[in-house]
Amino acid sequence: MGLPSINPTTTKSWKALEEHFKSVKDLEMKDLFAKNKNRANDYTIEWEDFYIDFSKNRITEETFKLLLSLANEVKLKDAIEAYYNGEVINKTEERAVLHTALRGKKTDTVLVDGENVMPEIFEVKTKIEAFTSNIVNGTRKGYTEKAFTDVVNIGIGGSDLGPAMVVDALQYYKNHLTTHFVSNVDGDHVNEVIKKLNPETTLFVIVSKTFTTQETLSNANTIREWFLNHGSQEAIAKHFVAVSTNIEKVKAFGIDEVNIFPMWNWVGGRFSLWSAVGLTISLAVGYDNFNSLLDGANKMDNHFKTEDFESNIPVILSLLTIWYNNFFKAESEAVIAYSQYLNQFATYLQQGIMESNGKSIDRNGKPTNYQTGTIIWGEPGTNSQHAFFQLIHQGTKIIPADFIGFGKSLHGNQDHQDKLISNYIAQTEALLNGKTKAEVVKQLESQNLSKDKIEELTPFKIFAGNKPTNSIFIKKLTPESLGKLIAMYEHKIFVQGIIWNIYSYDQFGVELGKQLASEILNEFDFNTIANHDASTQNLIEFFKKIR
Ligand code: F6P
């Protein structure tokens, strides 16, 4: 079984989309709205507490139909089955991809190598729950019998970005524990965190799936050394816990087996916040909230698995990406969340999306003859409006954007929330309609400017409009709705990978730089310099002089 491996460009739908593109590429969305009074409703999905309006896209009924048939032609339904059933769809690493099982129900059966993994998952969940409660209640204490006040998550990539983003997003739900994240191998990062810590009351969570990652182990060792200046070797057991698949390496680091939270090879790093990698989340917001996050993701999993493609949120969002990336040749996508709580959301998505789909070899081992992975970026609104929106509105590039907003302000400040969301809605309207020459002239005339001045200024003040956006509205930011939102993007990544016929779950592209860095590191202290290009050689020599 496994995944189908169909070059999308060979499908009938792709060819039809190419033809169709020629006739629709210059259509104005505002004309489409004028023609079909029901367009907004036709292209809106209401699901649970989500409202997804994708009507402000450069699509017609025919585009939508062809995109859906593309999904069928590449056998997306079979691929979804294979994904959920634990087939080895991460073929290049010989692994199943089962982050969906992590948020499954106890009564589910998910087989890996013929064995149901749900009991193991729930065993770890029980361990997370008990540990969280002991730390939060203060029953588990540090080496001087004081309750913990601070938690430091030491990890990088998927072992940092997910927990850091969620803890930040759910800070409204946080308890008294102060959380810190150390990721960069830059010693200034770890030292700035250490400065704030009291060793007697700090818990360290070392998160590394492989437990071989240079950054994480360097930071963990530096922290352990600092800790041992205060506490004894025995105190390590009270203050250090680890999340990893590599039990032997964790034990060799000096962590007690009882303090190890296992994870599994069938969970990819960038999809792992639902596992014990999310321990810091559980500690920060309590186990019940962590569990609600998982429940939300589970609801989105069920939606994605069972909903018809024409009303399936991740499928539609993904097809729209394909439309812009492969036909309009858009290079990037923006994610603009109108919530300061989602400050780290785009950064988090960058790993998920770009590490997964930044591939140029297809599932047949051949170079792709079409563009894959989109570049993802974004900042919260309204700050982004005052930073880069100029380029989205009047630049030369097409940048499809997801707008995400919530109905309620968690602190109940309706005045601010109304202002915030009026900006959200206004931006999508401005991007759709733009501002015509006639509108600009009329406005300038009202300012009593001379005819010449009006003529001079007019071109600069025109907005072409016709810029695509998806509007994602969620009633309220809760652990559950956040879980749904994250899972929505995870499945979007999956669908993109299926259509682009690439393997989304390996990340060999991060290896080469790591390997060269370890060679260069050795060269800093010795005279033996390997055979580098002249520029690299100069950089090494220069650094050796100034370090
Ligand atoms: O950046 C590469 C990567 O392998 C990611 O996929 C992963 O999330 C990160 O490194 C950290 O890996 P680990 O959890 O094994 O330390």
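The largest pocket is lined by 38 residues, and those nearest its centre are Thr213, Gln507, Val510, Glu511 and Lys514. Two or more lining residues come from each of α10 (214-228), α16 (345-357) and α22 (511-525); the largest share, 5 residues, belongs to α22. Helices (H or I, at least four residues) and strands (E, at least two) are DSSP runs numbered from the N terminus.

This is a predicted model, in which local features need pLDDT of at least 70 and side-chain atom pairs pLDDT 80 or more, while totals for chains, interfaces and linings use all residues. Residues are numbered from 1 along each chain as its sequence is written, and side-chain values use heavy atoms, without hydrogens and water.

On a 1 Å grid over the protein atoms alone, a cavity is a set of points where a 1.4 Å probe fits but cannot get out, whereas a pocket is an open set with protein on both sides within 12 Å along at least five of seven lines; lining residues have an atom within 4 Å of a point. Grid points are joined across faces, edges and corners, and a volume is the space filled by probe spheres set on them.

| Space | Volume |
|---|---|
| Largest pocket | about 890 Å³ |
| Largest cavity | about 80 Å³ |

The whole structure holds 6 cavities of 30 Å³ or more. The largest cavity has 14 lining residues, with Thr321, Glu333, Pro400, Asp402 and Asn470 closest to its centre. To this lining α15 (313-327) gives the most, 4 residues, and β10 (332-338), β12 (401-406) and β13 (469-474) each supply at least two.
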